[in-house]
Every structure is written in structure tokens, then in C-alpha cells.
Amino acid sequence: SRPPKSPSLPATGGRSSSAKAVPYRTGFLDQLFGVRADMAFFVRALIYHFQVDVIEAEFAALQSIMMQKKNFEELKRAHVSCWLSLKRRMYIDNGAIADAICRTLKLAQKFCFHVSAAATEPSSRLQSEGDDAAARSVHEEQRQILNVDLLSRGFILGVKRDFELECEHLFRLLDRNDARELVLRLDFNQHFTRMVQM
């Protein structure tokens, strides 16, 4: 898609190359941070579900049984039951769901790697911006945050598309496996449902 046009400038002022780039870069950063927000929400919700909804809940149930039972064999059976429940609720034995979750997390890792690499590279625009102190200060501040020259719009759109496809595949698997608990945690506001339907 074409970058949005720059707002028109007064006829007497002319239009600099940096002014042309502002709307394009702003739209690019909107897409970048949009993808980051979706991925961050997915990862946080997934970790919270496994840690709080599953592990801590199962451990609390096991502790309650241990306080009531004194027979070693009964405690052993309770421990085995807890372990099997953890495996089931964390989809360790469900290869399709486990693979879908891993692929989605790897996409988030790939995105973080590329953005991190761009954030640590110096911007080539600093050397070509002239001697204006204010301009150098602004560009130096931007360089320390992110060198967007190293991230292409195609890369961002590609990661966004792949992430949406993986989410759609994962939610279909969860629906087929009646995994309502995880679906509710990941999609409580139907954000991902709307995202994959767009």
C-alpha cells in the first residue's frame, strides 16, 4: 500500500525530503507498535494462564490434599494426578496445540530480535543531516530508540500476517479441543477473534 501523502505546505516554503518522510515513518511506526502490542498481549496472557490458572491452581489443590491425607500411597496418587492434570492443561501431550503455541512464540522472538538489532545500530541519517544542533539532537534521540531504516515495511507486514495466521490456526485447534479456559484467557475481549476475521 502507498504511504500516506504529506500534508501540503505553504507555496513559499517548499517541501524538504525530511518533511515528506514524516507521515510515512509515522504510519510505519504505528504498524510496528501495533504488531508489538498484539504479540506482547498474547505472550503475557499465555504466561499468566500457565502460571496462575494452571500451575498455581494445581499446586494449591495438591497442597490441600496433602494436608488431609496421611497415607503415603494416597499422597503418591494425588501427586501423579496433579502431574497428569498439569500435562493435560498445558498441552504437553497435545502435539498440534503445543506446536502452534511454539510457532507463535517463535514469531514474537523473531520480531524482537529484528527490532532489537535495529535499536542498537547507528542511523546513517545522522551524518547527512547538516549542522543544525536541534536537528542533530532530535535525530540522536530517535537513533537511540530505533533505527527504522533497518526495518522494512515488508518485514513488519509479513510478521503481522504470519502472526495472524498462526493465531487463527491456534484458536481453531483450541476450539476443536474444547480448550475454553485458555481461549477465555487469550481472547476475553475478542481482540484476536476480530483480528483474524479482518
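I shall discuss the nonpolar core, the aromatic pairs, the salt bridges and finally the surface.

First, the conventions. This is a predicted model, in which local features need pLDDT of at least 70 and side-chain atom pairs count only at pLDDT 80 or more, while totals for chains, interfaces and linings use all residues. Residues are numbered from 1 along each chain as its sequence is written, and side-chain values use heavy atoms, with hydrogens and water left out.

Let me begin with the core. By nonpolar core I mean a set of buried Ala, Val, Leu, Ile, Met, Phe, Trp, Tyr and Cys residues joined through side-chain atoms within 4.5 Å. Buried means under 20% relative accessible area, exposed means over 50%, and partly exposed lies in between, with a 1.4 Å probe and protein chains only. The largest such core comprises 34 residues, and M39, F42, F111, L174 and L186 have the most contacts inside it. At least two residues of this core come from each of helix 1, helix 2, helix 3 (95–120), helix 5 (153–176) and helix 6 (180–186). Helix 1 gives the most, with 10 residues. Helices here are DSSP runs of H or I with at least four residues, numbered from the N terminus.

Which residues does L186 touch, leaving aside neighbours within four places in sequence? L186 is in contact, meaning heavy atoms within 4.5 Å, with F41, F42, A45, L46, F171, L174 and F192. Elsewhere in helix 1 (residues 17–68) we find V43, which touches L105 and A108 when residues up to four places away are not counted. The C-alpha atoms of V43 and L105 are separated by 7.4 Å, although the two residues are 62 apart along the chain.

I turn to the aromatic pairs, of which the structure holds 2. Rings of Phe, Tyr and Trp (its six-membered ring) pair if their centres lie within 6.5 Å; planes under 30 degrees apart count as stacked, over 60 as edge-to-face, and the rest as tilted. The rings of F41 and F188 have centres 5.9 Å apart and planes at 40°, so this pair is tilted. F41 belongs to helix 1 and F188 to the loop between helix 6 and helix 7 (191–197), 147 residues apart. F42 and F163 form an edge-to-face pair, at 6.0 Å centre to centre and 90° between the planes. Both F42 and F163 are buried.

Next, the salt bridges, defined as a side-chain nitrogen of Lys or Arg within 4 Å of a carboxyl oxygen of Asp or Glu. The whole structure contains 9 of them. In one, the closest N and O atoms of R103 and E166 are 3.1 Å apart. R103 lies in helix 3 and E166 in helix 5, so the pair ties together parts that are 63 residues apart in sequence. E166 is buried, with a relative accessible area of 17%, whereas R103 is partly exposed at 36%. Another bridge joins K87 to D93, with 3.4 Å between the closest N and O atoms. Here K87 is buried at 19%, and D93 is exposed at 59%.

Finally, the surface. V80, W83, L84 and I92 form a nonpolar patch with about 390 Å² of accessible area together. Such patches join nonpolar side chains (Val, Leu, Ile, Met, Phe, Trp, Tyr) within 5 Å, using residues with over 30% relative accessible area and no salt bridge. Areas come from the Shrake-Rupley method with a 1.4 Å probe. L84, in helix 2 (residues 72–89), is partly exposed at 47%.

Technical notes. Patches are made of residues with over 30% relative accessible area and no salt bridge: like charges are joined within 9 Å, nonpolar side chains (Val, Leu, Ile, Met, Phe, Trp, Tyr) within 5 Å.
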